Amino acid sequence: MGSDLLTILFRPDEYFREHAQEEAALGMPLGIVFVYALLSALGGYQMSSLMTPMFEGGMEGYGAVIGIFGAVGGFIAGIMFWILAAVVFYLVSMLFKGEGSLKKVAEAAGYGMAPFIASVGIGIAYLATVADQVTIPVIRDFMDPAAIDAAVEAFLAQPVMADVMLLQGVLSLVFMIWAANIWYYGIRYARNLTGRDAGIVVLVPVAIYLLVTIMSIGVL
């Protein structure tokens, strides 16, 4: 299993070409997605727990609940990311008369999630090292949208959080490009596409994601 994963990460063309005619097996892809979702849950809990003092003005005593919501949201987002990627790749590849099953596409999409495990892990580790430097503004009036916006903006504008957001954006860009390389070969062989068609199927949605990410970190 370990050698297969290394081949997928660093020689995806070789792996997916050799397994193109086999039935889809979701065991390892589901494991990858599950680990990614668990780390996303940990990241969600970490961030929401960090922000909990912000809500003490009106939600005192609900810190644990906020943290749980953050964790559940992170886990669901991790699973949905995989499902969305598989469905989008499958639907777009229909335009090029792709032949493989949705299960085969889901398998390839799951393998492509592997780089994101490292991305989320690095983000969690970095935030843990700087968390004690973060100042948390308190929302005094939850009935005032302007007060809520001001507190959130003050939280995100401090240099340490700006660094955290920038790092997360850069990690998203770098590891998304790695994932796109795995998806390209995975979808190409899963749907029996030409190299050009597989490139369009994968790179168009990935390019949209990268553009949104770049805009979110203020580069554009």
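Read along the sequence, the protein follows the pattern α-α-α-α-α-α-α-α-α, with nine helices and zero strands; helices (H or I, at least four residues) and strands (E, at least two) are DSSP runs numbered from the N terminus. The model is predicted, so that local features require pLDDT of at least 70 and side-chain atom pairs pLDDT 80 or more, while totals for chains, interfaces and linings use all residues. Residues are numbered from 1 along each chain as its sequence is written, and side-chain values use heavy atoms, with hydrogens and water left out.

Taken along the principal axes, the C-alpha atoms fill a box of roughly 60 × 35 × 30 Å. Of the 220 residues, 42% are buried, where buried denotes under 20% relative accessible area, exposed over 50%, and partly exposed the range in between (1.4 Å probe, protein chains only).

A nonpolar patch on the surface is formed by Ile68, Val72, Ile76, Met80, Ile83, Val87, Leu91, Met94 and Leu102, which together have about 780 Å² of accessible area. Such areas were computed by the Shrake-Rupley method with a 1.4 Å probe, and for residues only the protein chains shown count as cover. Patches consist of residues with over 30% relative accessible area and no salt bridge; like charges are joined within 9 Å, and nonpolar side chains (Val, Leu, Ile, Met, Phe, Trp, Tyr) within 5 Å. A salt bridge is a side-chain nitrogen of Lys or Arg within 4 Å of a carboxyl oxygen of Asp or Glu. Helix H4 (residues 63-94) supplies the largest share of the nonpolar patch, eight residues. Met80 lies in this helix and is partly exposed, at 46% relative accessibility.

A negative surface patch comprises Asp141, Asp144, Asp149 and Glu153. Asp and Glu count as negative and Lys and Arg as positive, whereas His and the chain ends are not counted; the place of a charge is taken as CG of Asp, CD of Glu, NZ of Lys or CZ of Arg. Asp141 is located in the loop between helix H6 (114-130) and helix H7 (145-157), and its relative accessible area of 36% makes it partly exposed.

Helix H6 contains 17 residues and reaches 26 Å from its first C-alpha to its last, close to the expected 24 Å, a span defined as 1.5 Å times one less than the number of residues. Its buried residues include Phe116, Val120, Ile124 and Leu127.

In helix H8 (residues 159-190), Gln168 is partly exposed at 30% relative accessibility. Gln168 and Thr213 are 45 residues apart in sequence, with a C-alpha to C-alpha distance of 9.6 Å.
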